[in-house]
Structures are given as C-alpha cells and as structure tokens.
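Reader: Hi! Could you walk me through this one?
Author: Happy to, here it is.

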Amino acid sequence: MSMHHGAFCVFCDNPRTIHADKRQWLIHLAGHREKIIAHIVDNYEKCPLGAYPRLIPSKTEYAGHLKWSHTKKELFLWAYQNLIEGQISVLP
Ligand SMILES: [Zn+2]
Ligand SMILES: [Zn+2]
C-alpha cells in the first residue's frame, strides 16, 4: 500500500483524491497551467509569486505576467506548495 497521503486537485474537472509524490504532482499540475493562472488572477489581488507581491490591476496583464515573468516551474511549484501540500500535511 502506498504511503503517500492523498490530496484533491482543485483543477481537475472531476476532483478526486490523487496519491502522488511531489515530483508526480508537479507533472500533474503542468497539465493545468491555464487554470492555475486563472485561479491566481481570480483569488490573489497581488501576484503571489516572486519575492515581492506585485499589484497588476489589469487581469489580462496579470495573466500575461504570470505566463511570461515567471517560469512554468515557479508556477507549478507555487501551486503545489499553496494548494496541494497543505492538504497533504493536515491529513492524518
Ligand atoms: Zn488535476
Ligand atoms: Zn509576479
């Protein structure tokens, strides 16, 4: 039996518990790039990636910023650390 704790992927159309390690999660999240960007634009007033939160009033520019000013790796790592990892650590 797997020792990995499961977590929900909020970006899947039919959310289900996924049992995966960090590396596998990052690969999974890579399939949701557009949804992750939309999620950040909708839920974070300032860009949460990078050292200093950056306010970008235009949603279109904000999405472009997430796409071009940050690497894909940064984006997927952020999604893992903020949306997935917390679920894993609170599960018994
Ligand atoms: Zn997913
Ligand atoms: Zn940024």
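Reader: In what order do the elements run from the N terminus on?
Author: The order is β-β-α-α-β-β-α-α, with helices (H or I, at least four residues) and strands (E, at least two) taken as DSSP runs numbered from the N terminus. This is a predicted model, where local features need pLDDT of at least 70, side-chain atom pairs count only at pLDDT 80 or more, and totals for chains, interfaces and linings use all residues. Residues are numbered from 1 along each chain as its sequence is written, while chains are lettered from A and ligands numbered from 1 in the order in which they are written.

Reader: Thanks! How do α2 and α3 pack?
Author: Their axes are 10 Å apart and the angle is about 130 degrees. That makes α2 oblique to α3, because angles under 35 degrees count as roughly parallel, over 145 as roughly antiparallel, 65 to 115 as roughly perpendicular and the rest as oblique. Axes are lines fitted to C-alpha atoms, for helices over the stretch in contact, and angles run from 0 to 180 degrees between N-to-C directions.

Reader: Which residues make the contact?
Author: Ile37, Ile40 and Val41 come from α2, and Lys59, Tyr62, Ala63, Leu66 and Lys67 from α3; contact puts C-beta atoms, placed from the backbone, within 7 Å.

Reader: Switching topic, what does Ile40 touch, leaving out residues up to four places away in sequence?
Author: Ile40 touches Pro48 and Leu66.

Reader: And what box do the C-alpha atoms fill?
Author: Roughly 45 × 25 × 20 Å, taken along the principal axes.

Definitions and conventions. Two residues are in contact if their C-beta atoms, placed from the backbone, lie within 7 Å.
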